[in-house]
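Colleague: Could you take me through this model, with a few questions on its main pocket and on one helix pair?

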Amino acid sequence: MSARPVAIVTGAAGGIGGELCAALDGANYTVVAVDRREPTGTFQFIAANLASPEGPGEAVRAALALFGRIDLVVHAAGVFDSRPTREVTVESWDFTMNVNLRAAFFLAQAAMTALTKAKGSIVNISSVAGHYPRADHAAYCASKAALEHLTRVLALDFAPSGIRVNAVRPGVVETGMARESYGAGGLARWAEAVPLRQLALPSDIAEAVVYLARARHITGHVLTVDGGQTINFVRSG
């Protein structure tokens, strides 16, 4: 069994996920990086397809087989689906929902026994799109709104076991995926819509996750990390 607390991070090969792994390693966690492709870094890697029904449970069982404990689950894996409503297919809808929402629930369910022993916690990565609707993002917005409500439900369900469940709600984060989606000009317009006049970095999201992982009396909370974007909401890009 690992002497250090063990954190599972899904979506570990992404810009936010990679920063989460590094930050949790720096916070003295043994990090289990879960993704379909291997991330950079020296973390223990578990390949998993979280869009499949079996993927979340397999990832949890593999982590337990390696380290014998789970203290934290961070669900950062996500599908950013942007298309006009008339172009949404059953396949694209299901894929987004399965990764963003269903995987979060079954990761929590599979890890519940281990988290109870550790008096551990779960942090889900949401989005301001889960609170503010955006045109042409039906599946994405719906999945993140549901993820935030699921976070609150699980906080109630798991509280008797001593498990805390929270979420982080980022605004637009300066990642490779964001640059690919919006382009340099689009990102600049998003930054202008933020009162702090800058976009979040992956390290800002990681800092919030580490805080919630350690905050012993916070559960059922969605922490917005957006530089004030949603108190001065302006559409851009």
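Colleague: Which helix gives the largest share of the lining of the largest pocket?

Modeller: Bearing in mind that this is a predicted model, the largest pocket has a volume of about 1000 Å³, and of the 43 residues that line it, Ala76, Gly78, Val79, Phe80 and Met177 are the closest to its centre. Two or more lining residues come from each of helix 1 (15-26), helix 3 (90-118), helix 4 (138-158) and helix 5 (176-192). The largest share, six residues, is given by helix 5.

Colleague: How many residues of the lining of the largest pocket are charged?

Modeller: The lining divides by residue class, with 24 nonpolar residues and 14 polar ones. The charged residues of that lining number five.

Colleague: Are helix 2 and helix 3 roughly parallel or roughly antiparallel to each other?

Modeller: Helix 2, which spans residues 55-67, packs against helix 3 with the axes 8 Å apart and at an angle of about 30 degrees, and helix 2 passes helix 3 in a right-handed crossing. Angles under 35 degrees count as roughly parallel. The two helices, helix 2 and helix 3, are therefore roughly parallel.

Colleague: How many nonpolar residues are there in the contact of helix 2 with helix 3?

Modeller: From helix 2, Pro56, Gly57, Val60 and Leu64 take part, and they meet Ala103, Phe106, Leu107, Ala110, Ala111 and Ala114 of helix 3. Among the residues of this contact there is one polar residue and no charged one, while the nonpolar residues number nine.

Note on methods
Residues are numbered from 1 along each chain as its sequence is written. This is a predicted model: local features need pLDDT of at least 70, side-chain atom pairs count only at pLDDT 80 or more; totals for chains, interfaces and linings use all residues. Side-chain values use heavy atoms; hydrogens and water are left out. On a 1 Å grid over the protein atoms alone, a cavity is a set of points where a 1.4 Å probe fits but cannot get out, and a pocket is an open set with protein on both sides within 12 Å along at least five of seven lines; lining residues have an atom within 4 Å of a point. Grid points are joined across faces, edges and corners, and a volume is the space filled by probe spheres set on the points. Helices (H or I, at least four residues) and strands (E, at least two) are DSSP runs, numbered from the N terminus. Ala, Val, Leu, Ile, Met, Phe, Trp, Tyr, Cys and Pro count as nonpolar, Asp, Glu, Lys and Arg as charged, and the others, Gly among them, as polar. Axes are lines fitted to C-alpha atoms, for helices over the stretch in contact, and angles run from 0 to 180 degrees between N-to-C directions. Angles under 35 degrees count as roughly parallel, over 145 as roughly antiparallel, 65 to 115 as roughly perpendicular and the rest as oblique. A crossing is left-handed if the near helix is turned anticlockwise from the far one by less than a right angle, and right-handed if clockwise. Contact means heavy atoms within 4.5 Å.
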